[in-house]
Amino acid sequence: MALYRLRESAMMAPMGNEVVLLDSLNGHYFSLDRVGMRMLNLALSEIDASTVKEKLLVQYDASGDQLAEDFGALMSELQTVGLVERDY
């Protein structure tokens, strides 16, 4: 089990240096840069937020607080538009 999962109606596809998410039911479209793509991939594969934060700290020159805030904001936005949901 991971922190999040893509909704059944959501599709994810790479496009150059970005990844595009599209909800086939409501038409919501979202593109992510490399950092956002990494955050999403970790959210879809890791069990807890502390593991996500640790992996991001190794890869990016940012504070843990900033990474946690950015991760939370991204996942909140993706949930709001219906592309991901918590994986309980």
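1. Helix α1 (residues 34-45) packs against helix α3 (residues 64-80) at an angle of about 75 degrees, and their axes are 10 Å apart. Axes here are lines fitted to C-alpha atoms, for helices over the stretch in contact, and angles run from 0 to 180 degrees between N-to-C directions. Helices (H or I, at least four residues) and strands (E, at least two) are DSSP runs, numbered from the N terminus. That angle makes α1 roughly perpendicular to α3 (65 to 115 degrees counts as roughly perpendicular, under 35 as roughly parallel, over 145 as roughly antiparallel, and the rest as oblique).

2. The model is predicted: local features need pLDDT of at least 70 and side-chain atom pairs count only at pLDDT 80 or more, while totals for chains, interfaces and linings use all residues. Residues are numbered from 1 along each chain as its sequence is written, and side-chain values use heavy atoms, with hydrogens and water left out.

3. On the α1 side, Gly36, Met39, Leu40 and Ala43 meet Leu67, Asp70, Phe71, Leu74, Met75 and Leu78 of α3, contact meaning heavy atoms within 4.5 Å. By class, the contact of α1 with α3 has 8 nonpolar, 1 polar and 1 charged residues (Ala, Val, Leu, Ile, Met, Phe, Trp, Tyr, Cys and Pro count as nonpolar, Asp, Glu, Lys and Arg as charged, and the others, Gly among them, as polar).

4. Helix α2 (residues 49-59) also packs with α3, at an angle of about 120 degrees and with the axes 10 Å apart. That makes α2 oblique to α3. Val52, Lys53, Leu56 and Leu57 of α2 make the contact with Gly64, Leu67 and Phe71 of α3. The residues of this contact divide into 5 nonpolar, 1 polar and 1 charged.

5. An open sheet is formed by 3 strands in the order β2-β3-β4, with antiparallel pairing (two strands pair if DSSP finds at least two bridges between them). β2 (10-15) and β4 (29-32) stand at the edges, each with a single partner strand, so one side of each has no neighbour in the sheet. On average, neighbouring strands are turned by 20 degrees against each other, direction ignored.

6. Strand β3 (residues 18-23) pairs with β4 over 4 bridges in the antiparallel sense. Val20 has Ser31 in β4 as its bridge partner. α1 packs on the sheet and touches β2, β3 and β4, its direction making about 105 degrees with that of β4.

7. The whole structure holds 4 salt bridges (a side-chain nitrogen of Lys or Arg within 4 Å of a carboxyl oxygen of Asp or Glu). Arg5 forms a salt bridge with Glu85, with the closest N and O atoms 2.9 Å apart. This pair links distant parts of the chain, 80 residues apart: Arg5 lies in strand β1 (residues 4-6) and Glu85 in strand β5 (residues 84-86).
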